[in-house]
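I opened a new notebook page for this one.

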Amino acid sequence: MSDRPGPFAGDGDALQTVQGRTVRGALRRRWPTGGVLLGSIALLAGFYWEHVRGNSLPGVAEMEPVDWLLGLSILAGAGMLASLASRPRRARLYVRRLRDRPIAVVSTTAAGMLLVVGLFGPLFVSEPTDIAFTRAWLPPVGATVDTQFLTGSCPGQVVDGRCRGTLRYPLGTTRAGRSLLPFVVLGARTVVEIAAVSALVLVPLGVGVGLVSGVIGGWTDTVLMRVADVLATLPAVVVYILFWQWNAEYRLLMLILVFGLVNWGSLARSVRNETLELRERPFVRAARLSGASRLWVARRHLLPNVSRQVFSTLALQVPLLVATEAALSFVVLPSEMGEGTLGDPTVVSWGQLIYVGVQSDGLVPAWWVTVVPTTALVLATLSLAAFFRSSSDIFAPVRSR
């Protein structure tokens with residue numbers, strides 16, 4: 001008998017190598033999901049211990065409920081990025097798509113800067129509480145104001161009777177002599193909370209209901225879509241006003257939850273329509289004929305193909321909610337404690353700054369108190385809308401089925 005190896009010698013080793021690579025690839029793809037799940041459990045346990053049981057945890061004593069939800073949103077986003085990093089070929093494709101779209105590059109950069117300032121800015125600044133009328137109405141860097149409007153000395157240069165702005169107060173000061181920069185930074189934190197937490201509420205509800213409705217069909221589809229239609233007829237602002245006086249502490253969280261719970265219907269219907277169209281594609285029918293369950297088909301074939309609907313809805317809903325929160329700061333209603341705006345007085349928002357600038361400081365001479373937060377609000381809403389709209393094209397399904 002010949003001792004030479006046969007034509008299939010070593011195939012067992014090759015098969016073990018392939019299986020090893022497959023196992024490692026599966027582990028790389030699954031560990032982000034497990035990390036997000038464990039992190040979510042830890043955050044929920046911390047929230048329960050801190051706000052439900054009334055105990056204190058070191059380092060998180062100042063966290064509000066909306067901050068805990070923001071943590072969940074950041075954790076979910078980090079998990080998606082980690083999952084994408086485990087698929088380098090797909091990640092490179094998304095990067096190429098991003099580079100080919102200049103508007104996407106600009107909007108992604110602007111949204112990233114907003115995220116960085118909103119998350120890390122409050123670590124370096126805090127809301128000013130002191131009042132010093134001797135520092136009132138100091139101009140920002142690059143601007144000047146007539147010295148007749150100043151109640152104190154000008155910290156910068158005085159040229160032709162006009163005080164120049166200084167880096168000590170880069171965005172100027174308010175009527176009370178408070179620096180405008182911390183208010184703008186803390187207002188960015190509020191915008192990030194609105195965008196992240198509203199997406200955390202809208203996306204799971206809309207995508208989940210839309211997939212269930214499209215996959216199961218029948219009376220389930222009818223009931224879920226009727227619920228979505230009923231919610232679509234409810235004005236979210238009116239629902240928020242109905243509960244406004246009942247909650248004076250967490251109004252920002254209530255605003256986000258009301259808008260999320262009322263406005264998920266449009267996303268659910270678009271996901272449901274896309275699911276019905278995908279069900280007739282050959283790759284889905286082949287998976288069903290091979291014995292795959294509905295859950296497996298929904299997770300592997302349907303869910304990855306609804307990203308366009310998700311980002312298109314966020315491009316409309318998130319900037320709208322950011323602008324609505326700012327507009328509510330201008331609505332004053334009577335209450336048991338006196339008159340108050342519909343905004344949340346416990347947080348700093350750009351809408352409140354604009355309201356103060358219009359009603360108290362005025363455009364003359366302190367135009368910057370109104371113009372700076374207004375500019376920040378416009379740029380933030382435009383960048384968020386452009387970012388989500390561009391993401392609907394960048395993260396579109398890789399292949400046309």
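Helix 8 and helix 12 come out as oblique to each other. I noted the cut-offs: under 35 degrees is roughly parallel, over 145 roughly antiparallel, 65 to 115 roughly perpendicular, and the rest oblique. Helix 8 (residues 251-263) packs on helix 12 (residues 307-328) at about 140 degrees, and the axes are 11 Å apart. Axes are lines fitted to C-alpha atoms over the stretch in contact, and angles run from 0 to 180 degrees between N-to-C directions. Helices here are DSSP runs of H or I with at least four residues, strands are E runs of at least two, and both are numbered from the N terminus.

Next I checked who touches whom, with contact meaning heavy atoms within 4.5 Å. L252, L255, I256, F259 and N263 of helix 8 meet Q317, L321, T324, E325 and L328 of helix 12.

This is a predicted model, where local features need pLDDT of at least 70 and side-chain atom pairs pLDDT 80 or more, while totals for chains, interfaces and linings use all residues. Residues count from 1 along each chain as its sequence is written, and side-chain values use heavy atoms, without hydrogens and water.

Then I looked at confidence, which pLDDT gives per residue from 0 to 100. The protein averages 84, and 89% of the residues score at least 70.

Notes. pLDDT is the predictor's confidence in each residue, from 0 to 100.
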